[in-house]
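Please look over the structure shown here with the briefing that follows, which is grouped by topic.

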Amino acid sequence: AVVSTQSGHYGRGAISAFKPCLSKEGPCPANQYKSSPLECANCPKLRVSKPGSTSLNDCHLLHGEYCWDAHNKIRPTTIYSEEMNHDDAKMMCFLSAQCKGVACAWKGGKAEKCFLTDARFVYSFNQQNTMTYIKVC
């Protein structure tokens, strides 16, 4: 290809493709997803995603299972809320910066009595019929 130089002379050279923003070609940060090859879009309100998410389907409900690390062998050292149901406890925990997790007593295969915790967690050998959810989002 013949290209013009700044001094006005013509010569032979290669024409390369123009890439407007090389930095936008990489993965998207947390709470965003790839909306096009060069663009990241924010997840909708009350939704979160992992870094590198590639579609809107990667944005999960803020208080959904994606945001909880469940353990049946640990328990919190203290709780600070009144008793509530499982879904309400998870939603209340996300609305509170103080909350670190939710501790629940299980009966008949489902969480019944749940409490918010702001404390450390300790290992417990014989935690039967309980589950502790640590907030990770």
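Contact here means heavy atoms within 4.5 Å. This is a predicted model, in which local features need pLDDT of at least 70 and side-chain atom pairs count only at pLDDT 80 or more, while totals for chains, interfaces and linings use all residues. Residues are numbered from 1 along each chain as its sequence is written, and side-chain values use heavy atoms, with hydrogens and water left out.

**Q32 and its surroundings**
- Q32, found in strand β3, touches C40, A41, N42, C43, S49, K50 and S53, when residues up to four places away in sequence are not counted.
- With a relative accessible area of 19%, Q32 is buried (buried means under 20%, exposed over 50%, partly exposed in between, with a 1.4 Å probe and protein chains only).
- The side chains of Q32 and N42 make a polar contact at 2.9 Å, the term being a pair of N or O atoms within 3.5 Å where, within protein, one must be able to donate a hydrogen and the other to accept it, and residues adjacent in sequence count only if both atoms are side-chain atoms.

**N31**
- N31 lies in the loop between β2 (10–12) and β3 (32–36), and its phi is near 70°, a positive value in a residue other than glycine.

**The sheet**
- Four strands, in the order β7-β12-β9-β10, form an open sheet with antiparallel pairing; strands (E, at least two residues) are DSSP runs numbered from the N terminus, and two of them pair if DSSP finds at least two bridges between them.
- β7 (68–71) and β10 (110–117) stand at the edges with a single partner strand each, so one side of each is left without a neighbour in the sheet.
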